[in-house]
Amino acid sequence: MPTARTAQDGIIGIGTAQFRNTGRNTLTFQITPRIQGAFHYSTLNGYDADGGTRYDRSFDIHMLLAEETDARPAIALGLRDFGGTGIYSGEYVVATKEISHGISLTGGIGWGRLATRNSFGSPFAFISDSFKTRPKQGSGGGVQTGQPDFDSWFRGDAAFFGGIHWQATDQWSFAAEYSSDAYLDEAAKGVTQQESPFNLSAQYKWGNGVTLGAYYLYGTEAGVSLSYTLDPALPPIPGGIGPAPPAILPQHHVAAASWNMPEAKTGPREHLTRILAQDGLILHRFHVDAKTARIAVANTRFDAGAQAISRTARAMANTLPPHIAIFEITLITQGIEVTKITIDRTNLGALEFSPDAAWQSYARSRIKDAFGADQGDPVPDLYPIFDAGLGGYLEVAFFDPDNPVRIEFGIEAEAEYSPAPGWFLSGRIRQPVAGNLDNATRVSNSELPPVRSDVFRYAQESDLRLSYLTGEHFSRPAKDVFARMTVGYLEPMFGGVSGEILWNPVNSAFAYGAEINYAVQRDFDMQFGFQDYGVVTGHASTYYDFGNGFLGQLDVGRYLAKDWGATFTLDREFKNGFKLGGFVTLTDVPFDTFGEGSFDKGIRLEIPVSWLTGRPSKDTVSQTIRPVYRDGGARLDVRNRLYDVTRDLRQPALANQCGRFWR
């Protein structure tokens, strides 16, 4: 039963509930203080006509219309399963009010599934006769799933529901409800039984966000639930456990340091190089004149550019002679200069222990695009740069109709060679060790070129896999402009040539880019051969930082299956880099040609390793969840797209990260 309650802004919930032949797994996200989204993956044993198990995917949206006050209840509106098969489809308007300390009453009116017990005629029939009847959803079978059923919302019969909730202690809570959902289809197919409209539940919540529940349903069923909630804004290890930054030394100590003496065999540059390296910062350029020190550094450790700037400025303050009054720090990524930050040396000492040091340090810094700026002389013998690593990998595939979760473990090796600034040769190979990713037997029935629906064939027909092998070149053609060229085996399923250009003004919330690719499908063994399918694909992209952690992206162009359309993505990113969002792609492929799901859509999650471990790291763990993996709207998966490479080093992101300046 829905209530009008919402979670704290940004809260993520993961839960599973089981009773008899039904299981429901749920991911919820409080997108804004008033809007909550949910994704459900349900299993109904014996639901299908042949007695088989139905695996159902559905999305919900819950919107708070009015907050609770002393005189008024909270009021909310919601849509359930608004773009799925329609099994759980329903809408509601609900109100919740606390009537005594810890005791709340809820009442509402529902449609669809929530109007299958003791229903009455449509309350909106006076508006139009079309509200009297609710069209049957999912009547077109699998090819019509995934489409929003606008013509069904709040139509047809309605019914009342209600309940009471008692928060007995901080840990224990109890609830009783009258349900207007009669589970008609499940009862008719023997999945469940119904003898009463009343349900009871008890829950116990631990302080770490884990909640265990037990409930008794409809006079016939008993079930259990387990859930976990987390606040992405609060990492498991607040503040982190990385090494602390050095205190800023008095300038007379720096002046008397051995490397600043005339007879020193090594000077400030060599000492600065060593100090920066301890923080994972690589010095690329260095120049000192009468009052200004200009350096360029690449950050290999910190996931916040502001933190890298602070560590660099501290190292300069503790290394360079006192007559140097201005620090010009250029941030480098992929071998190219991105952003220049100018800092007055006196501000470092003055603000180090100020209560508002982070914000004032940012406000007093000057941030400009690095194109055409003098970043200093190249550090000798820096290039070529070679890096390699060996480790394990875990690949997870969701929602195969024959097996909801497929997993593969293995060993992977990566290497990168950079002979000069902006030039890279990199690759990765994988050797599977265990898993069931290659056990899928379902054959693609796509009417489109199988650019993605044959994904399991790549797992079945390969052993040692070349994930990618590319040559890349990054450059700066003009002010605020970045360029990339990539050639080789671009991703596990395609190789070819990819070119991209991005206009990303240093102080703007907007950025604009264009990418064009010629891609050829790779052989299923994921070695060096190609199939006979090639395509020219590409997109024009607009990026916008809405503020408050919301990032939008619109990509318009041609996809791998030669379809034309657009993808809209909206992410919410927290200040620590934790990101959760969703995307929708609509192309000129008709829904029935696309197949089950009707169009491409999904959820994507990105968790910084530093969020999990508390230690500085630029690595992330990411997962994209698609209800259905089809060929329409499929885009080439090219590494190091320019907006992702440069965004964290431009002014809007640096402003968002400024709280980490002194960390």
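Visitor: In strand β23, residues 481–489, how many of the residues are buried?

Guide: Buried means under 20% relative accessible area, exposed means over 50%, and partly exposed lies in between, with a 1.4 Å probe and protein chains only. Strand β23 is mostly covered, since seven of its nine residues are buried. This is a predicted model, in which local features need pLDDT of at least 70 and side-chain atom pairs count only at pLDDT 80 or more, while totals for chains, interfaces and linings use all residues. Residues are numbered from 1 along each chain as its sequence is written, and side-chain values use heavy atoms, with hydrogens and water left out.

Visitor: Which strands pair with β23?

Guide: Strands are DSSP runs of E with at least two residues, numbered from the N terminus, and two of them pair if DSSP finds at least two bridges between them. Strand β22 (residues 465–478) pairs with β23 in the antiparallel sense over eight bridges, and serine 475 has alanine 483 in β23 as its bridge partner. On the other hand, β23 is joined by eight bridges to β24 (residues 494–503), again antiparallel, with valine 497 in β24 as the bridge partner of valine 487.

Visitor: How many residues lie between the strands of each hairpin?

Guide: Two residues lie between β22 and β23, and aspartate 480 in that turn has a positive phi of about 65 degrees, whereas four residues lie between β23 and β24.

Visitor: Is valine 584 buried or partly exposed?

Guide: Valine 584, in strand β29 (residues 579–587), counts as partly exposed because its relative accessibility is 36%.
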